[in-house]
Amino acid sequence: MTGVTRDPHPARLRRAGTAAAAVALMVAAGCGAAAPAPAEPAPARPTTDAPAAAGDLAPVVVADGLSHVWSVGVLPDGRALVTERDGRLSLLASLDPGTAVTPVAADLGDVFARGEGGLMGLAVHADFATSNRFTTCQTHAENGSPVDVRLVTWTLSADGATATRVADPLVGGLPIASGGRHSGCRIAVDDTGALVVGTGDAAMPATPQDLTSLGGKTLRVDPATGGPAAGNPFADAADPAQRLVYTSGHRNVQGVAVEPGTGRVFTAEHGPTRDDEVNLLRPGGNYGWDPSQGGTVTTYDESVPMTDRDRFPDAVPAVWASGSPPEAPAGAAFLDGDAWGQRNGMLAVAALRGQKLLLMRVGPEGTDGAVSDVEIPAALDGDPGRLRGVYAVPGGPLLVTTSNGDDDRILRIDPS
């Protein structure tokens with residue numbers, strides 16, 4: 001088995017409960033591509049069985065009858081906002097099983113829902129208790145034609161019945177492909193209150209390495225102004241887009257997770273036909289994806305390594321890579337609270353193609369963050385189908401969303 005040129009970080013793979021039978025892999029939109037060029041051997045991922053208590057991490061259904069649920073944002077009063085990719089915003093009355101799901105009236109007529117694009121990431125602002133503000137990431141069309149991917153900030157009415165745009169866009173100009181490919185667009189709030197945004201490269205070859213483009217990056221944005229957050233690595237750049245850039249050289253960032261207690265930010269990212277990645281963000285870091293081959297080709301060449309350390313010797317290596325086949329990782333969040341026991345602090349990553357939840361033990365603060373162990377809860381291995389969104393309630397449960405397109409659900413997993 002061959003892999004990208006990177007520092008090897010082998011991860012032990014185990015399953016909670018009996019070892020599950022191999023599940024049929026569904027091709028995730030935008031994940032198929034030409035096979036990468038061979039590089040150094042990828043580390044093996046041995047599998048062992050780990051017995052678990054009956055009902056361990058068994059999900060319950062909070063809400064169903066949805067379609068391609070992208071994000072869940074829990075409000076301070078325990079209600080939650082939900083985005084569906086087709087352009088619907090809803091409010092959950094609680095996180096209890098069978099809770100009421102109420103449509104939120106919002107002007108979403110400009111959402112371009114096609115392929116991987118639509119109404120995607122959502123982040124509840126740190127000051128929501130006083131501002132009632134949240135931000136979505138969505139594809140925008142005019143006269144039926146796609147224009148860009150953008151961040152839009154909203155105010156939610158006190159009764160949760162309506163949402164009104166107050167910054168449209170907060171940030172605009174993220175590249176978009178006509179078919180919606182590689183739209184990225186996951187948002188998280190870091191420990192300073194800034195918005196951290198994972199973007200896709202829109203399958204445009206030069207975009208990931210172009211610091212004046214917002215595609216194929218992670219951005220760090222001041223939620224009040226839409227400008228660069230304090231401390232951004234390129235905050236003094238002449239180009240206003242570059243000032244927002246936190247890291248570059250990404251393919252299609254689908255998950256952003258802020259580690260409680262440390263503030264470290266980890267992302268989950270789609271590879272081509274192999275080597276999906278989980279990355280620990282370093283300010284100004286280049287993560288080595290370059291389908292333009294240094295600007296020598298104009299086609300989108302997906303045979304290049306995900307982290308090309310031959311072309312970019314300083315490229316930041318992944319803390320975990322899937323090898324082959326890819327998993328198509330999506331949302332990510334950290335389990336938070338003593339009730340999780342030995343799992344407290346593990347990074348939960350949803351997989352679309354792999355149809356599973358991966359719980360990863362990342363290296364502690366002060367290290368490179370390399371993943372040392374991966375657990376796959378048996379109840380979340382195949383049965384719910386494609387998993388997209390993950391949200392961890394501080395000190396409480398984990399919410400996971402399905403993305404099968406028909407009768408999608410929001411699942412709640414409580415600590416054992």
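Ser 90 lies in strand β6, where strands (E, at least two residues) and helices (H or I, at least four) are DSSP runs, numbered from the N terminus. Ser 90 is buried, with a relative accessible area of 8%; buried means under 20% relative accessible area, exposed over 50%, and partly exposed in between (1.4 Å probe, protein chains only). Leaving aside residues up to four places away in sequence, Ser 90 touches Ala 80, Leu 81, Val 82, Glu 84, Val 101, Thr 102, Pro 103 and Val 104, a contact being heavy atoms within 4.5 Å.

Please keep in mind that this is a predicted model, in which local features need pLDDT of at least 70 and side-chain atom pairs count only at pLDDT 80 or more, while totals for chains, interfaces and linings use all residues. Residues are numbered from 1 along each chain as its sequence is written, and side-chain values use heavy atoms, with hydrogens and water left out.

- Strand β5 (residues 80–84) and strand β6 (residues 88–92) pair in the antiparallel sense over five bridges; two strands pair if DSSP finds at least two bridges between them.
- Leu 81 stands opposite Leu 91 in β6.
- An open sheet is formed by four strands in the order β4-β5-β6-β7, with antiparallel pairing.
- At its edges are β4 (69–74) and β7 (101–103), each of which pairs on one side only.
- From one strand to the next, the twist averages 25°, using axes that are lines fitted to C-alpha atoms (for helices over the stretch in contact) and angles that run from 0 to 180 degrees between N-to-C directions.

**The chain as a whole**

- The chain has two helices and 26 strands.
- Of its 416 residues, 60% are buried.
- Among contacts in the chain with a separation of 6 or more, 62% come from residues 24 or more positions apart.

**How confident is the prediction?**

- The average pLDDT of the chain is 89, and 87% of the residues score at least 70; pLDDT is the predictor's confidence in each residue, from 0 to 100.
- Among the elements of the chain, strand β15 (residues 245–247) has the highest mean pLDDT (99) and strand β2 (residues 47–50) the lowest (36).
- Residues 1–55 have a pLDDT below 50, and this stretch has 144 contacts in the model beyond near neighbours in sequence.
- Where pLDDT is low, the predicted coordinates should not be read in detail.

**The disulfide**

- One disulfide turns up in a search of the whole structure, a disulfide being a pair of cysteine sulfur atoms within 2.5 Å.
- Its partners are Cys 137 and Cys 185, with their sulfur atoms 1.6 Å apart.
- This pair links distant parts of the chain, with Cys 137 in strand β9 (residues 133–142) and Cys 185 in strand β12 (residues 184–189), 48 residues apart.
- The disulfide is left-handed because the torsion about the S-S bond of Cys 137 and Cys 185 is about -65°.
- Cys 137 and Cys 185 are both buried.

**Salt bridges**

- The count comes to 18 salt bridges, each one a side-chain nitrogen of Lys or Arg within 4 Å of a carboxyl oxygen of Asp or Glu.
- Arg 274 forms a salt bridge with Asp 275, the closest N and O atoms being 2.8 Å apart.
- Arg 274 is buried at 8% relative accessibility, and Asp 275 is buried at 1%.
- Salt bridges that share partners join Asp 110, Asp 148, Arg 150, Arg 165 and Asp 168 into one network.
- Within this group, the side chains of Arg 150 and Asp 168 meet in a salt bridge (3.5 Å, N to O).
- That pair links distant parts of the chain, with Arg 150 in strand β10 (residues 145–156) and Asp 168 in strand β11 (residues 163–174), 18 residues apart.
- Arg 150 counts as buried at 10% relative accessibility, whereas Asp 168 is partly exposed, with a relative accessible area of 41%.

**Backbone details**

- Asp 168 is also joined to Pro 169 by a cis peptide bond, with omega about 0°, and Pro 169 has its place in strand β11.
- Another cis peptide bond joins Ser 324 and Pro 325, with omega about 0°.
- Pro 325 is found in the loop between β19 (320–321) and β20 (329–334).
- Ala 328 is found in the loop between β19 and β20, and has a positive phi of about 60° although it is not a glycine.
- His 68, in the loop between β3 (60–66) and β4, has a positive phi near 45°.
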